[in-house]
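Please work through the exercises below with the sequence and the model side by side, trying each task before reading its solution.

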Amino acid sequence: MKNRYRLFRRGQKFYAHDSETGKQQSLGTSDKREAQRLLIARNEAQNNRLLNLKIAEAHLAAHDPRMNTRTWQDVMDYRLSRTTEVRESTMRRTVVAFKSKPFNFIRDKRLVETVSDDLLRVLKAGGVSTNVQLRVLHNTALKHDWLLRRVLSEAAWPRIKYGETRAITAEEHQKIIAKENSQERAHFYEALWHTGAAPVDIANLT
């Protein structure tokens with residue numbers, strides 16, 4: 001197994017170079033033997049972690065052959081396949097959300113490798129829609145036992161803050177009607193105004 005850390009010296013101090021991240025961290029000593037011992041301890045801890053992960057993956061594969069390969073994109077695809085369970089407008093919003101840039105951070109990430117920082121990065125890059133859809137994905141994976149435990153506790157999820165909304169005024173409504181060239185659509189707007197119903201409900205009214 002290839003060691004992750006290597007030793008180098010800068011000035012009087014010895015440093016550990018992380019070959020995966022490229023980061024360098026001082027070992028806090030100018031004694032070469034002490035620095036070598038510290039470096040060996042770091043590499044052994046990392047190698048043991050990787051070995052334990054491989055053993056865990058072998059057990060998980062026996063339980064579910066796809067457990068070690070399933071990504072968040074697979075969970076997204078599953079959600080989008082459930083077209084009969086949601087309204088068309090909801091499905092459209094879901095498709096747009098899943099294609100957005102914040103989800104690129106975890107799209108190809110394996111579920112078994114996901115940590116809280118991964119989801120927090122998605123949440124930081126997105127808005128309300130990202131927060132809502134990521135919760136749905138997380139809960140879907142939990143419900144189907146694709147996640148062994150919660151990646152984020154309920155308390156760790158940021159609060160969903162919707163923007164303020166208001167009804168249009170009578171004056172605004174009349175301006176919309178006056179600018180509408182289609183009589184059918186104008187009647188549709190009138191029906192919305194007088195009933196207060198959602199557009200999808202009026203569109204499906206028989």
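**Exercise 1. Compare the span of helix α5 with the span expected for its number of residues.**

The model is predicted, with local features needing pLDDT of at least 70 and side-chain atom pairs counting only at pLDDT 80 or more, while totals for chains, interfaces and linings use all residues. Residues are numbered from 1 along each chain as its sequence is written, and side-chain values use heavy atoms, with hydrogens and water left out.

**Exercise 2. Identify which residues of α5 are buried and which helices they pack against.**

Step 1. Take buried as under 20% relative accessible area, with exposed over 50% and partly exposed in between, using a 1.4 Å probe and protein chains only. Step 2. By this criterion the buried residues of α5 are T130, N131, Q133, L134, R135, L137, H138, T140 and A141. Step 3. With contact meaning heavy atoms within 4.5 Å, these buried residues pack against α2, α3 (88-99) and α4.

**Exercise 3. Describe the backbone at D145, and locate this residue relative to the helices.**

Step 1. D145 is found in the loop that runs between α5 (128-143) and α6 (170-179), just after α5. Step 2. Its phi is near 60°, a positive value in a residue other than glycine.

**Exercise 4. Decide whether M67 is buried or exposed, and relate its position to that of L148.**

Step 1. M67 lies in the loop between α1 and α2 (72-81). Step 2. Because its relative accessibility is 1%, M67 counts as buried. Step 3. M67 and L148 are 81 residues apart along the chain, and their C-alpha atoms are separated by 9.8 Å.

**Exercise 5. Find where confidence is lowest and where it is highest.**

Step 1. The mean pLDDT (the predictor's confidence in each residue, from 0 to 100) is 85 for the protein, and 90% of its residues reach 70 or more. Step 2. Confidence is lowest in helix α1 (residues 32-63), at a mean of 72, and highest in helix α4 (residues 116-125), at 94. Step 3. Where pLDDT is low, the predicted coordinates should not be read in detail.

Key. Helices (H or I, at least four residues) and strands (E, at least two) are DSSP runs, numbered from the N terminus. The expected span of a helix is 1.5 Å times one less than its number of residues.
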